[in-house]
Every structure is written in structure tokens, then in C-alpha cells.
Amino acid sequence: MFIIAGLGNPTLQYAGTRHNVGFDVIDMLAEKYNIPVDGRKSRALIGKGIIHGTKVILAKPQTYMNLSGESIRGLADYYKIDEETELLVIYDDVSLGVGQLRIRKKGSAGGHNGIKNIIAQLGTDVFPRIKVGVGEKPRHYDLADYVLGHFSKEERVQMEEGYQRAADAVELIIAGEIDAAMNEYNRKVKSKEA
């Protein structure tokens with residue numbers, strides 16, 4: 001079994017913001033694999049289903065971003081998974097270009113409060129993750145205001161492509177092919193204007 005957790009903030013005011021890209025990827029997976037995310041467990045919205053022969057739990061923690069680890073810890077305990085091999089976390093990254101992906105097997109929080117809380121709750125930084133780029137914060141912008149802001153029309157198109165690549169990467173990762181996913185999706189995506 002695999003828990004695929006997308007990070008974000010609950011309530012409509014945060015829908016479509018940079019900080020909620022994890023939720024957006026979960027929504028894409030839910031639609032693609034016909035897995036309704038309408039159950040509740042451990043302060044998360046969850047959906048149970050199958051992706052390429054593997055049982056999965058799609059999860060959207062409802063604890064607000066900075067306490068994501070509380071929900072994920074509860075899910076990991078309840079479903080008795082090995083976080084190092086059966087947990088995949090998807091979240092936003094301001095150090096990557098819009099729609100770019102960076103897949104890692106482990107790593108620090110890199111200043112991301114949701115990941116910081118997950119590491120604190122799990123007691124390890126060894127768990128697979130997909131970072132989805134939301135673009136670098138412009139100078140003179142407050143980081144919180146930036147990540148809670150919305151994408152421009154052009155950025156939204158790039159993000160949709162990024163979500164599709166993230167969904168494709170999920171398939172490889174749950175099939176045990178994380179190295180192949182890193183080789184394929186960690187490359188810089190050429191912008192359309194080039």
C-alpha cells in the first residue's frame with residue numbers, strides 16, 4: 001500500500017493558490033484513476049483506490065499546511081506503512097520554476113513548514129517526495145503572501161502541465177521506479193517561448 005499525500009490548506013479561500021499545488025495533483029490523480037477523495041481519516045480527506053495494481057490512499061491533510069505532519073503521522077500509523085518506501089508527499093517549492101518538478105528520496109525541509117512538521121512528526125527525513133515548482137518569490141514580496149497568492153493565466157497553463165508530469169511520476173514511483181522518475185522528471189522543462 002502507498003499513501004500519496006498532497007499538501008495544502010483547507011477551505012475555499014486557499015483553492016488554486018501556490019501553496020495548494022499538492023491538493024491539485026491529488027485532485028488530478030483522483031480524476032484520472034476514478035478515486036473519490038471523500039472519506040475522512042486522521043484529519044485528512046482520503047480516497048482509496050488502485051493505481052497500476054498497487055493499493056493507494058490519496059490524502060489531503062486538513063490540518064493546515066504547518067501541521068501536515070500530524071495528519072500524515074496518524075495515517076502512517078493507522079495503515080501501518082513504512083514511511084521510507086510507502087509514503088509519497090507532493091508539495092510546492094518556491095526555488096523551482098513554474099511547473100518544474102524535483103523528485104527526491106529524502107532531504108531536509110528546505111524552509112517548507114509543512115515538510116518541517118512532517119519530518120518532526122515522523123522522526124525522519126527519509127521519505128519520497130515530489131516538489132512542484134511555483135516560481136521564485138519576487139523581490140519585496142512577503143513569502144507568505146506569495147505562496148498564498150494565485151497563478152497568472154500563463155502560469156496556470158504551465159502548472160497544469162506540471163501536474164500532469166507529477167501524476168505520471170507518481171505512477172513510476174509507486175511501481176518502484178523512483179530512480180527512473182528522477183531521471184525523467186528532474187530535467188528542466190523548456191519554456192514554450194524558447
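Mentor: Start with helix packing: axes are lines fitted to C-alpha atoms, for helices over the stretch in contact, and angles run from 0 to 180 degrees between N-to-C directions. Keep in mind that this is a predicted model.

Trainee: At what angle do helix H2 and helix H4 pack, and how many Å apart are their axes?

Mentor: Helix H2 spans residues 68–79 and helix H4 residues 113–122; the angle is about 40 degrees and the axes lie 7 Å apart. H2 and H4 are therefore oblique to each other. The crossing of H2 past H4 is right-handed.

Trainee: Which residues of H2 and H4 meet?

Mentor: On the H2 side they are Ser68, Gly69, Glu70, Ile72 and Arg73, and on the H4 side Gly114, Asn117, Ile118, Gln121 and Leu122. Sorted by class, this contact of H2 with H4 has 3 nonpolar, 5 polar and 2 charged residues.

Trainee: Now salt bridges. How many does the structure hold?

Mentor: The general idea is a side-chain nitrogen of Lys or Arg within 4 Å of a carboxyl oxygen of Asp or Glu. The structure holds 11 of these salt bridges. One of them joins the side chains of Arg18 and Glu155, at 3.3 Å from N to O. This pair links distant parts of the chain, 137 residues apart: Arg18 sits in the loop between strand S1 (2–6) and helix H1 (21–32), and Glu155 in helix H6 (residues 153–174).

Trainee: Are Arg18 and Glu155 buried or exposed?

Mentor: Use the cut-off: buried means under 20% relative accessible area, exposed means over 50%, and partly exposed is in between. Arg18 has a relative accessible area of 7%, so Arg18 is buried. Glu155, at 17%, counts as buried.

Trainee: Which residue does Glu171 meet in a salt bridge?

Mentor: The partner of Glu171 is Lys32, with 2.7 Å from N to O. Here too the pair links distant parts of the chain, with Glu171 in helix H6 and Lys32 in helix H1, 139 residues apart. By accessibility, Glu171 counts as buried at 17%, while Lys32 counts as partly exposed at 41%. A network of salt bridges links Lys32, Asp168 and Glu171.

Trainee: What is the distance between the closest N and O atoms of Glu184 and Arg187?

Mentor: Those atoms are 3.2 Å apart, and Glu184 forms a salt bridge with Arg187. Glu184 is partly exposed, its relative accessible area being 39%. Arg187 is exposed, with a value of 52%.

Trainee: How should I read the surroundings of a single residue? Take His112: where does it lie?

Mentor: His112 lies in the loop between strand S6 (101–104) and H4. With 8% relative accessibility, His112 counts as buried. Leaving aside neighbours within four places in sequence, His112 is in contact with Leu7, His19, Met65, Tyr91 and Asp92.

Trainee: And Glu86: which residues does it touch?

Mentor: Glu86 is found in helix H3 (residues 83–86) and counts as partly exposed at 24% relative accessibility. Not counting residues up to four places away in sequence, Glu86 touches Met1, Phe2, Ile3, Lys80 and Ile81. As for Pro10, Glu86 is 76 residues from it in sequence and 24 Å from it in space, C-alpha to C-alpha.

Terms used
Residues numbered from 1 in each chain as written. Predicted model: local features only at pLDDT ≥ 70, side-chain atom pairs only at ≥ 80, totals over all residues. Heavy atoms only, no water. Helix = DSSP H or I, 4+ residues; strand = E, 2+ residues; numbered from the N terminus. Parallel < 35°, antiparallel > 145°, perpendicular 65-115°, else oblique. Left-handed = near helix turned anticlockwise from the far one by under 90°. Contact = heavy atoms within 4.5 Å. Nonpolar A, V, L, I, M, F, W, Y, C, P; charged D, E, K, R; others polar. Buried < 20%, exposed > 50% of the residue type's maximum accessible area, 1.4 Å probe, protein only.
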